[in-house]
Amino acid sequence: MGHNIQAIITSTATADLICHRYPMLPRRNTAVGFAIIPVNSDFYDVVIHSSRSEPFEDFLWLTSDFQDFLRDLSHLGDLAYVETEYFGGVGGQGGVVYSGGEVRMAPEWGESDVINRALKHVGVRAGIMRDRFSILGLEQVRSNDDIDPCES
């Protein structure tokens with residue numbers, strides 16, 4: 001079974017502001033006060049408005065234009081951009097964090113724990129027996145198609 005997501009993770013309050021600007025974007029609220037906003041080609045076409053440049057390292061969507069967008073968007077609130085690409089337990093994950101227009105965690109790609117570090121930067125708390133990835137329910141979001149549209 002695979003796990004392949006590309007998403008912005010932020011507080012529900014910040015996600016409300018983002019979805020107010022871009023009401024067509026899908027989103028999933030979590031039980032712990034955070035939201036998952038998937039990034040795909042439609043998202044890129046709607047919010048970036050430029051030709052797609054070369055992505056950073058192993059990332060699918062983290063281009064220089066998209067990083068500029070995320071940096072600007074982080075003036076609304078702290079946010080992490082995360083990607084996973086696993087199939088049958090093999091693959092990797094990446095993350096980057098922005099806050100107040102600045103990079104808080106530089107883009108990083110690895111086999112494990114990168115997303116948990118990014119989520120820590122945006123305030124997701126781990127549980128006694130659950131990591132931050134699990135607290136958000138990201139193991140249940142196998143692809144971006146599992147995320148519903150923003151509510152109006």
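**Thr14.** I looked up what Thr14 touches beyond its close sequence neighbours. Leaving aside those within four places in sequence, I found Thr14 in contact with Leu76 and Gly77. This is a predicted model. I placed Thr14 in helix α1, residues 12-21. Is Thr14 buried or exposed? Its relative accessible area is 6%, so it is buried, the cut-off being under 20%. I then checked its side chain for polar partners. The side chain of Thr14 makes a polar contact with the side chain of Ser11, at 3.0 Å.

**Largest core.** Next I went to the nonpolar cores. The largest has 23 residues. Ile8, Phe43, Leu62, Phe66, Phe69, Leu70 and Tyr81 have the most contacts inside it. I asked which elements supply at least two residues each. They are α1, β4 (34-38), α2 (41-47), α3 (64-73), β5 (79-87) and β6 (90-99). The largest share, 4 residues, comes from α3. Setting aside neighbours within four places in sequence, Leu70 is in contact with Ile8, Leu62, Leu79, Tyr81 and Tyr98.

**Second core.** I noted a second, separate core of 21 residues. Ile5, Ala118, Val122 and Leu138 are among its members.

**Helix α4.** I looked at α4, residues 114-121, for burial. Val114, Ile115, Asn116, Ala118 and Leu119 are buried there. What covers the buried residues of α4? The cover includes β2 (6-11), β5, β6, β7 (102-110) and α5 (132-135). Just after α4, I found Gly123 with a positive phi of about 100°.

**Aromatic pairs.** I count 9 aromatic pairs in the structure. I opened two of them.

The ring centres of Phe59 and Trp109 lie 5.2 Å apart, with planes at 75°. That angle is over 60 degrees, so I log the pair as edge-to-face. Phe59 sits in the loop between α2 and α3, and Trp109 in strand β7, 50 residues apart. Phe59 has 3% relative accessibility, so it counts as buried.

For Phe66 and Tyr81, the centres are 5.1 Å apart and the planes stand at 85°. This pair is edge-to-face too. Phe66 lies in helix α3 and Tyr81 in strand β5, so the pair ties together parts 15 residues apart in sequence. Both Phe66 and Tyr81 are buried.

Last, I traced how the rings join up. Ring pairs link Tyr22, Phe43, Tyr44, Phe59, Trp61, Phe66, Phe69, Tyr81 and Trp109 into a cluster.

Terms used
Residues numbered from 1 in each chain as written. Predicted model: local features only at pLDDT ≥ 70, side-chain atom pairs only at ≥ 80, totals over all residues. Heavy atoms only, no water. Buried < 20%, exposed > 50% of the residue type's maximum accessible area, 1.4 Å probe, protein only. Polar contact = N/O pair within 3.5 Å; in protein donor to acceptor, adjacent residues only side chain to side chain. Contact = heavy atoms within 4.5 Å. Core = buried A, V, L, I, M, F, W, Y, C linked by side-chain atoms within 4.5 Å. Phe/Tyr/Trp six-rings, centres within 6.5 Å; stacked < 30°, edge-to-face > 60°.
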